[in-house]
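Visitor: I am new to this structure. Could you show me how to read its features, one at a time?

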Amino acid sequence: MGGNFMIEAVSCGGVVIHRGKILLLYKNYKHKYVGWVLPKGTVEEGEEYKETALREVMEETSVQATIKKYIGKSQYTFQGFDDMVCKNVYWYLMQANSFYCKPQKEEYFIDAGYYKFHEAYHLLKFNDERYIMEKAYREYLYLRKKQRWTNKSNMINKD
């Protein structure tokens, strides 16, 4: 038996939306960890949660997103090498300005894409991510209704 310690770990991620579709990643890690997930990753030294979320989205999907709102926290535990790890994930609703995305092969992501809500809902592997995505999507619909989801960047760079 290892130690009975609970290690706290923090990650941040994004529910990235463009034109009502949600960005998902397909991970296949040595056939052990397979399925569709939301982009997220570990907070690095001196990083703010927002910075982590944006960086991880960028690294894992090549998408340059902008944060619209903090959505909430999900939590899960898993067995690490010696101890149980309690992972807290802080999620942000983000906006992309195109459907371009490219999965990060080094992290075993073999596919990425934007999906309609009901498709994304069925594809997602984890219930906690499904719950967060649903919350984020409701927030997106609300912001859109209130005309607070305008894509500013389109007006600036017409390259």
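Visitor: Is Cys 12 buried or exposed?

Guide: This is a predicted model, so everything here is read from predicted atoms. Burial is judged by relative accessible area, and buried means under 20%. Cys 12 has 0% relative accessibility, so Cys 12 counts as buried. Cys 12 sits in strand β1.

Visitor: Which residues does Cys 12 touch?

Guide: Set aside residues up to four places away in sequence. Then Cys 12 touches Lys 40, Gly 41, Val 43, Tyr 49, Thr 52, Ala 53, Glu 56, Val 89 and Tyr 90. Cys 12 and Asn 88 are 76 residues apart along the chain, with C-alpha atoms separated by 8.2 Å.

Visitor: Which residues have the most contacts inside the largest nonpolar core?

Guide: Start with the general idea. In soluble globular proteins, nonpolar side chains tend to be buried together. Now the case here. The largest nonpolar core has 19 residues. Val 15, Ile 17, Ile 22, Leu 24, Leu 38 and Leu 93 have the most contacts inside it. At least two core residues come from each of β1, β2, β6 and α3. Helix α3 gives the most, with 6 residues. There is also a second, separate core of 17 residues, including Val 16, Ala 53, Ala 96 and Ala 112.

Visitor: What does Leu 93 touch?

Guide: Leave out residues up to four places away in sequence. Among the residues touched by Leu 93 are Val 15, Ile 17, Ile 71, Glu 139, Leu 143 and Trp 149. Take Glu 139, a charged residue in helix α3. Glu 139 is buried because its relative accessible area is 18%, and the cut-off is under 20%. Beyond its neighbours within four places in sequence, Glu 139 is in contact with Lys 69, Ile 71 and Leu 93.

Visitor: Which residues lie nearest the centre of the largest pocket?

Guide: The largest pocket holds about 690 Å³ of space. Its lining has 22 residues, and Lys 27, Tyr 33, Lys 40, Tyr 76 and Lys 87 lie nearest its centre. Elements that give two or more residues to the lining include β2, β5 and α3. The lining divides into 9 nonpolar, 4 polar and 9 charged residues.

Visitor: Where is Ser 62 found?

Guide: Ser 62 is in the loop between α1 and β5. Check its backbone angle. Phi of Ser 62 is near 65°, a positive value in a residue other than glycine. Ser 62 counts as partly exposed, at 27% relative accessibility. Now compare Tyr 108, in the loop between β6 and β7. Tyr 108 has a positive phi of about 70° and is not a glycine. At 34% relative accessibility, Tyr 108 counts as partly exposed.

Conventions: Residues are numbered from 1 along each chain as its sequence is written. This is a predicted model: local features need pLDDT of at least 70, side-chain atom pairs count only at pLDDT 80 or more; totals for chains, interfaces and linings use all residues. Side-chain values use heavy atoms; hydrogens and water are left out. On a 1 Å grid over the protein atoms alone, a cavity is a set of points where a 1.4 Å probe fits but cannot get out, and a pocket is an open set with protein on both sides within 12 Å along at least five of seven lines; lining residues have an atom within 4 Å of a point. Grid points are joined across faces, edges and corners, and a volume is the space filled by probe spheres set on the points. Helices (H or I, at least four residues) and strands (E, at least two) are DSSP runs, numbered from the N terminus. A nonpolar core is a set of buried Ala, Val, Leu, Ile, Met, Phe, Trp, Tyr and Cys residues joined through side-chain atoms within 4.5 Å. Buried means under 20% relative accessible area, exposed over 50%, partly exposed in between (1.4 Å probe, protein chains only). Contact means heavy atoms within 4.5 Å.
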